[in-house]
Amino acid sequence: MQVLQGDVARAALTRTFAKIPVPQSVLARIEQTFGEPLTPEEVVSRILADVRARGDDALRDWTGRLDGHRPEALEVSGGELEAAQIEPELHEAVRLAIRRVRAFYEEQPAHGFMQEGPEGTLGQLVRPLSRVGVYVPGGLAPLVSTLIHTAVPAQVAGVPEIVVTTPPSRDGTVHPAILVAARELGITRVFRVGGAQAIGALAYGTASVPGVDKIAGPGNLFVVIAKRMVFGAVGIESLPGPTETLVVADDSASPRFVAADLLAQAEHLGAEPVLVSTSRELLIEVQTQLDAQLEALPEPNRSWARDSVLSRMKIVLAADLAEALDLSSLYAPEHLCLLTRDPGRLLDGVRRAGGVFVGEASMEALGDYVAGPSHVMPTGGTARFMSPVNVRDFQTIISVVGVREETLRRIGPAAAVLARAEGLEAHARAIESRLTPPPAPA
Ligand SMILES: NC(=O)c1ccc[n+]([C@@H]2O[C@H](COP(=O)([O-])OP(=O)(O)OC[C@H]3O[C@@H](n4cnc5c(N)ncnc54)[C@H](O)[C@@H]3O)[C@@H](O)[C@H]2O)c1
Ligand SMILES: N[C@H](CO)Cc1c[nH]c[nH+]1
Ligand SMILES: [Zn+2]
């Protein structure tokens, strides 16, 4: 176990944004699939260009090549959607998650304002986007919860049309829980397309897949790169990619719970677990727990979690909780879990994170499903400047300017002065034409 401290820990938790780190396993799969050592960016560029040029046929070909099934019908039929069934217990859990996420976002202030006064009217109109694409990851696990945690805030924002894309399994089907959740949400358009090709389809539109105004939802490296590349042609909400969790724990924390929370996210392939503790004894005990709990996991989860732990886990000994929080803000994790005495007391010191999970009863895995806030959160250090998915992501603001004539007379001359300082004579004249009476007819 390598324990990092001080400046070494700071360096290890400082992200470099110039290049997204690519796991060796991903590079190996690219070489196997494409027969040459391409970068993920080159792969995504090729896929996007092909989707733009050949539309549905490109979607079928890439899905066949990458997901092992070439679908004739890209859209899940109404009959398939209606027929999907899941166990009653799971169905009830889906309903509970929808209810709780909806109740949470209904509390988010997301309205505009109008200042009506002696100056006239100044304000903001808030309008929902017309059509949103929701990406639901499905490469390794069919993330039904991600559909709920992305689509519900969009619905609360008032978006009338939501289109879902998700990779099919090798027999071409979409997991029934995703279809049932879509049905519960009143979503009728689901497409069996994943990866960069799905992002291209939603951005450019094809004969089958409608182009959207904004694409939301997390995914693997290929999905994240594709979202970055199509931004501008279409909106994106943020860049939620491979998950990461930073646990801050003191000597009061249970090593069993700390290890369990780290492994819960480590089982997302490509995840980055980080443990920062003020107690060396706890670090040692967590290591023992990690070994035991990893051994007890079933396959393939054990291999995925072991890969995250062995390849990317960082273990840090902090001088005190103030330094632990400072290091956490430097790293800006997707999830920050506080497993300390009186963890609520630490909230004031939290500066950068997608979400903060306060205390033993608020494990991040609960937040993944039914706590309320969306689990779609910024990763890779983008929590420095981005937020979890929320209602505002699905709205635009329209500024309203409706001043009275008296106001114009008072503030107009200053505007004309500024226009001339910028060398923009027509601007100045447009203002002054309203300030001076029109010339008398000859
Ligand atoms: N940050 C968040 O809020 C959040 C939430 C949920 C999930 N996630 C993350 O989403 C990710 C889901 O990843 P996933 O892989 O299971 O599903 P995914 O749906 O994101 O990706 C699967 C797709 O990737 C493409 N792909 C795979 N290998 C490829 C290759 N070599 N070349 C080109 N394309 C390739 C395929 O088209 C496939 O359909 C995980 O990393 C998870 O941590 C993040
Ligand atoms: N923890 C993942 C990234 O935040 C989301 C997720 C979905 N299902 C389970 N976990
Ligand atoms: Zn998770």
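## Terms and basis of the model

Helices (H or I, at least four residues) and strands (E, at least two) are DSSP runs, numbered from the N terminus. The structure is a predicted model, in which local features need pLDDT of at least 70, side-chain atom pairs count only at pLDDT 80 or more, and totals for chains, interfaces and linings use all residues. Residues are numbered from 1 along each chain as its sequence is written, while chains are lettered from A and ligands numbered from 1 in the order in which they are written.

## The chain as a whole

The chain contains 17 helices and 14 strands. Its C-alpha atoms fill a box of roughly 95 × 60 × 45 Å, taken along the principal axes. Of the 442 residues, 41% are buried (20 or more other C-beta atoms within 10 Å of the residue's own, with C-beta atoms placed from the backbone).

## Strand β12

All five residues of strand β12 (residues 335-339) are buried. H335, C337 and L339 lie on one side, and L336 and L338 on the other. In a regular strand, side chains alternate between the two faces of the sheet.

Strands pair if DSSP finds at least two bridges between them. β12 pairs in the parallel sense with strand β9 (residues 244-249) over five bridges, and four bridges join β12 to strand β13 (residues 355-358), also in parallel. L338 stands opposite V248 and opposite V358 in β13.

## Helices α16 and α17

The axes (lines fitted to C-alpha atoms over the stretch in contact, with angles from 0 to 180 degrees between N-to-C directions) of α16 (residues 405-421) and α17 (residues 425-435) come within 8 Å and cross at roughly 160 degrees. The two helices are therefore roughly antiparallel (angles over 145 degrees).

Note on methods: Parallel < 35°, antiparallel > 145°, perpendicular 65-115°, else oblique. Buried ≥ 20, exposed ≤ 12 C-beta atoms within 10 Å, placed from the backbone.
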